[in-house]
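Subject: Structure for your review

Dear colleague,

Please find below the structure that I am handing over to you, followed by an account of what was found in it.

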Amino acid sequence: MSVDATRGMNVTRECCAAHAEIQLNFPVLRCRPVSRAWAWLLLALATLPLLSAAAPPRVDPALVPDTALAIPPLHFDSNGALLISPSATSSRHDFDYLVGNWKLKNRKLKSRLTGSTEWIDFESRVEMHPILDGLGNIDKYTENSAGKPYEGVALRLFDPKTRLWSIYWADGNTGRLDPPVVGSFENKVGHFFARDTYKGRNIIVVFRWDVRNPQLPIWSQAFSADEGKTWEWNAINVSERAR
């Protein structure tokens, strides 16, 4: 029993004793249930903050990476370069759904490739425009989650010969294009791969675009530090048309 509950019981007993002295005809036995009631009430009040703190925040299911949706197996040439083939349905129109203005709900791991399970939630916006007569598109990404403006640009180009999309990313922190992730869509889900480095570690990156619901497209990113044997999802967002 907490100290506060014990003090409540003592106060109640003192009140009962005082009532008996002034002969208000309330039997002392009636004080025992009152004393227990105070104890339970104070105990319940004391545990409320603990229960509130223990309750995990509700997470939008759309912002949980779909691990049941398999990442395609990787293939390499004799030098270890990624071998990427287009799907039978790969098309220059695969990103047409993304044209326009969007508001995004985002989650990202606080620390990547460290076993972290702590996610950060924030919001952002995207403006996407087609270019090169439909062979490409470019979007401007903006957010303010770190307390200062952050801006990024995604450039997507379709190669009619290989029928593969290449997606390039640049932001205001580096001012340079990252190595492109390359791939295509199949059954309304696109996977795009690249070799890269992260904090000195060699990794393979995958972008996933899930447009099975084109009104709420979902982008997610995972890293593999073991040549695609295992993956860690570290970022995800779901887009909704800006009104």
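Read along the sequence, the protein follows the order α-α-β-β-β-β-β-β-β-β-β-β, which comes to two helices and 10 strands. Please note that this is a predicted model. The protein has 243 residues, of which 34% count as buried.

Strand β9 covers residues 218–224, and six of its seven residues are buried, so the strand is largely enclosed by the rest of the structure. Strand β9 has pairing partners in β8 and in β10. With β8 (residues 201–210), the pairing is antiparallel and runs over seven bridges; within it, Val 205 has Phe 223 of β9 as its bridge partner. With β10, the pairing is likewise antiparallel and runs over six bridges. Here Ser 220 is bridged to Ile 236 of β10.

The segment after β10 (232–241) contains Arg 243. Is this residue, Arg 243, buried or exposed? Its relative accessibility is 86%, and because exposed means over 50%, Arg 243 counts as exposed. Arg 243 also belongs to a positive surface patch, which it forms with Arg 58, Lys 103, Lys 105 and Arg 125.

In short, β9 is largely enclosed by the rest of the structure, whereas Arg 243 is exposed and takes part in a positive surface patch.

Yours sincerely,

A colleague

Notes. Residues numbered from 1 in each chain as written. Predicted model: local features only at pLDDT ≥ 70, side-chain atom pairs only at ≥ 80, totals over all residues. Heavy atoms only, no water. Patch = residues over 30% accessible without salt bridge, like charges linked within 9 Å, V, L, I, M, F, W, Y side chains within 5 Å. Areas by Shrake-Rupley, 256 points an atom, 1.4 Å probe, with all protein chains shown as cover. Salt bridge = Lys/Arg side-chain N within 4 Å of Asp/Glu carboxyl O. Lys, Arg positive; Asp, Glu negative; His and termini not counted. Charge placed at Lys NZ, Arg CZ, Asp CG, Glu CD. Helix = DSSP H or I, 4+ residues; strand = E, 2+ residues; numbered from the N terminus. Buried < 20%, exposed > 50% of the residue type's maximum accessible area, 1.4 Å probe, protein only. Pairing = 2+ DSSP bridges.
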